[in-house]
Amino acid sequence: MTTPAIATKLPSVGTTIFTVMSALAADKGAVNLGQGFPDFDCDPRLVDAVADAMRRGLNQYPPMTGVPALREAVASKIEAMYGRKYNPASEITITAGATQAIITAVLAIVRAGDEVIVLDPCYDSYVPNIELAGGVAVRVPLVPGTFRPDFDRIASAITPRTRAIMVNSPHNPSATVWSRQDMLTLQELLEPTGVFVIGDEVYEHMVYDGRAHESMARFPGLAERSFIVSSFGKTYHVTGWKVGYVAAPAAMTAEFRKVHQFNVFTVNTPVQHGLAAYMANPRPSLELAAFYQRKRDLFREGLARTKFRLLPSEGSYFQCVDISAVSDLPEEAFCKWLTGEIGVAAIPLSAFYGDGFDQRVVRFCFAKRDETLVSALQRLAKL
């Protein structure tokens, strides 16, 4: 028998740097600060809420759009935090994590030949999602060094074929946060266009030093054209549960749900019920910024005693550093050296650029137990 040949839809996709670095970290016994997820447990009360739902027999298919109680909790949270009221029946959809939410939004609106603006450096699923939909990714770099949006370049990238722009704030990997003025500028820029926004806001509760998260939901001109994506996994330290949501106007949600229905259909029932019960108390999400800011400050204090130059960490749970005073190696080679010789794994920022742009910056994740961070800092002190 002969196996049929496969003409790949994603010829540029191979083994990711995240897989490479995690495997190397395991092989070398390194402290893995490359992977972007916590190494500590969630609140036991959340586990109890999910287990209680299981014991109550809530184990069969839920509604395709999500358990009503959870959609209502999400709508209430958005209204309380950002002042926009979404109808939980027609404008909130529960998804199998933020990654599924993003590809579903792309598939719902992007047709063959449509252009979608992505801002480099960007999360690694964005461009493959666009390509799977038959679209064309138009990469516009954020300003090197500061990672601020360059609105002149964004404006120049908009053409009659532009279908959407993908905006991520707080930003992975740079840990920058869009300001209110940034959002107002984007709103003004898009007002005369038919361009959609896919707003990746998974780190919405991790914004530091008194800053506010400027959700698309705060701005009427953006909210009316945006799929707003967030993640329970990021907020409640349960990334492996893979549950998120999308908020969007009813007409956009209707198209989103057409794809969602045949993409994953729905999301596991007891976790949805457990999350709905847990969200009755808003304190865990409201206290998250202080929780992670303390870890950020602990990590930055230790890094300040090395030769790394610290970049701002305004939001998310990442810290970027300039390696220029430490090594002449390119970013990826440096990360492999750091993992093997020093025993700490990081991710090169060049992995988030379409052209592999190397600006001598690497990313660490500080969503770790304090003892993990202290162990990493003790090793990095050798530099």
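## Strands β9 and β10

In this predicted model, Leu310 has Val321 of β10 as its bridge partner. Strands β9 and β10 run antiparallel and are joined by two bridges.

Strand β10 is mostly covered, with five of its five residues buried. The burial applies to both faces: Phe318, Cys320 and Asp322 lie on one side, Gln319 and Val321 on the other, and all are buried.

Together, four strands make an open, antiparallel sheet in the order β9-β10-β13-β12. The edges are β9 (309–310) and β12 (347–348); each has a single partner strand, so one side of each is left without a neighbour in the sheet. Helix α13 (residues 288–303) packs on this sheet and touches β9, β10 (318–322) and β13. The direction of α13 makes about 15 degrees with that of β10.

Strands of a sheet pair through backbone hydrogen bonds, either parallel or antiparallel. A second open sheet has seven strands with mixed pairing, in the order β2-β8-β7-β6-β5-β3-β4. Its edge strands, β2 (92–95) and β4 (136–141), each pair on one side only. From one strand to the next, the twist averages 20 degrees.

One of the pairs in this sheet is β5 (residues 162–168) with β6 (residues 196–200), which is parallel and has five bridges. Within β6, Phe196 is the bridge partner of Ala164.

## Helices α2 and α11

Two packed helices are described by the angle between their axes and the distance between the axes. For helix α2 (residues 44–55) and helix α11 (residues 269–278), the axes come within 8 Å and cross at roughly 130 degrees. The two helices are therefore oblique to each other. The crossing of α2 past α11 is right-handed.

On the α2 side, the contact is made by Arg45, Leu46, Ala49, Val50, Ala53 and Met54. On the α11 side, it is made by Pro270, Val271, His273, Gly274, Leu275, Ala277 and Tyr278. The residues of this contact divide into ten nonpolar, two polar and one charged.

How values were computed:
Residues numbered from 1 in each chain as written. Predicted model: local features only at pLDDT ≥ 70, side-chain atom pairs only at ≥ 80, totals over all residues. Heavy atoms only, no water. Axes fitted to C-alpha atoms, helices over the stretch in contact; angles between N-to-C directions. Parallel < 35°, antiparallel > 145°, perpendicular 65-115°, else oblique. Left-handed = near helix turned anticlockwise from the far one by under 90°. Contact = heavy atoms within 4.5 Å. Nonpolar A, V, L, I, M, F, W, Y, C, P; charged D, E, K, R; others polar. Pairing = 2+ DSSP bridges. Buried < 20%, exposed > 50% of the residue type's maximum accessible area, 1.4 Å probe, protein only.
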